[in-house]
Amino acid sequence: MNDKPSAPTSEPVESPEVTQAAAPARRSGLADRYHRGMDVLNVDRHRLCLQLYLVIVIAHWAEHIVQAVQIYVFDWPLEEARGVLGIPFPWLVTSEWMHYGYALIMLIGLLLLLPGFTGRSRTWWTISLLIQVWHHFEHLILLVQASNGVNLGGGDAPSSLIQLLIPRVELHLFYNTIVFVPMVVAMYLHARPNAVEREAMQCACAGEPSRSDR
């Protein structure tokens, strides 16, 4: 008995017309997922996201403060003043990728959480965002120098623009401070909105209005 092999079946190939017709649906699906994600960040879980973001920012800011204390109070050499985590993990201080990564995460966080703010709090949050844009740019300059081995001013180490005038430890402690302060002001005002701001809010960060606000 001779069995003839069956002819291979070919998968149906979508025509260019079908592919083009499906593209708007895919774009619509991506847009829907984006809007749902933004709703989670800025409406459903805005308070939780702000709290988590604040913890990350304070932890990093505290590392800069500890490093300054090690230098100016304990009189440690600059190469040994690495904050708290930098002592067991020196690469956290020496890696420009790590510094740039944090600056980028902080910038993205400020951008993603901005839509949840209204009125005065939005103004203060935007101030923090704009300062972080510059702070991020300074870290990008440092990363580019570390990657190609060519440093500004012909120095032995990468240098940002303002770092040509102000030492790195002091400068980046200053940067993190002036980003942190308006951010905290924004969160304070966001939790205590006036009547107009409360009306525009979509999240529940402010809770129920007090009798004086009604």
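Contact here means heavy atoms within 4.5 Å. Keep that in mind for everything below, and keep in mind too that this is a predicted model.

**The overall layout**

The protein chain has seven helices and zero strands, so the pattern along the sequence, taking helices as DSSP runs numbered from the N terminus, reads α-α-α-α-α-α-α. Of the 214 residues in the protein chain, 32% are buried. Take the contacts between residues at least 6 apart in sequence: 62% of them join residues at least 24 apart.

**How the helices pair up**

| Pair | Axis distance | Crossing angle |
|---|---|---|
| α2 and α4 | within 11 Å | roughly 155° |
| α4 and α5 | 9 Å | about 155° |
| α2 and α6 | within 10 Å | roughly 150° |

Start with α2 (residues 46–72) and α4. An angle over 145 degrees counts as roughly antiparallel, and α2 and α4 are therefore roughly antiparallel to each other. The crossing of α2 past α4 is left-handed. On the α2 side, the residues that meet α4 are His-46, Cys-49, Leu-50, Tyr-53, Ile-56, Val-57 and His-60. Facing them from α4 are Tyr-102, Ile-105, Met-106, Gly-109, Leu-110 and Leu-113. Sort the residues of this α2 contact with α4 by class and you get ten nonpolar, three polar and no charged.

Now for α4 and α5, whose axes are 9 Å apart at an angle of about 155°. That makes α4 roughly antiparallel to α5, and α4 passes α5 in a left-handed crossing. From α4 the contact includes Glu-96, Trp-97, Tyr-100, Leu-104 and Leu-107. Among the residues α5 brings to this contact are Trp-125, Ser-128, Leu-129, His-136, Leu-143 and Ala-146. The contact of α4 with α5 divides into 16 nonpolar, six polar and one charged.

By class, the contact of α2 with α6 has 16 nonpolar, eight polar and one charged residues.

**The core**

Which residues have the most contacts inside the largest nonpolar core? They are Leu-50, Tyr-53, Val-57, Leu-110, Trp-125 and Met-183, in a core of 22 residues. At least two residues of this core come from each of α2, α4, α5 (119–148) and α6 (168–191).

Is His-60 buried or exposed? With 18% relative accessibility, His-60 counts as buried, since the cut-off for buried is under 20%. His-60 sits in helix α2. Leaving out residues up to four places away in sequence, His-60 touches Tyr-102 and Asn-176.

Glu-96 is found in helix α4, which covers residues 96–113. Glu-96 is buried as well, at a relative accessible area of 9%.

Asp-75 is another matter: Asp-75 is exposed, with a relative accessible area of 64%. Look for Asp-75 in the loop between α2 and α3 (91–94). Asp-75 is not a glycine, although it has a positive phi of about 60°.

Finally, there's Val-185, placed in helix α6. Val-185 is partly exposed, with a relative accessible area of 26%. How far apart in space are Val-185 and Ser-128, C-alpha to C-alpha? The distance is 9.7 Å, while in sequence Val-185 and Ser-128 are 57 residues apart.

Terms used:
Residues are numbered from 1 along each chain as its sequence is written. This is a predicted model: local features need pLDDT of at least 70, side-chain atom pairs count only at pLDDT 80 or more; totals for chains, interfaces and linings use all residues. Side-chain values use heavy atoms; hydrogens and water are left out. Helices (H or I, at least four residues) and strands (E, at least two) are DSSP runs, numbered from the N terminus. Buried means under 20% relative accessible area, exposed over 50%, partly exposed in between (1.4 Å probe, protein chains only). Axes are lines fitted to C-alpha atoms, for helices over the stretch in contact, and angles run from 0 to 180 degrees between N-to-C directions. Angles under 35 degrees count as roughly parallel, over 145 as roughly antiparallel, 65 to 115 as roughly perpendicular and the rest as oblique. A crossing is left-handed if the near helix is turned anticlockwise from the far one by less than a right angle, and right-handed if clockwise. Ala, Val, Leu, Ile, Met, Phe, Trp, Tyr, Cys and Pro count as nonpolar, Asp, Glu, Lys and Arg as charged, and the others, Gly among them, as polar. A nonpolar core is a set of buried Ala, Val, Leu, Ile, Met, Phe, Trp, Tyr and Cys residues joined through side-chain atoms within 4.5 Å.
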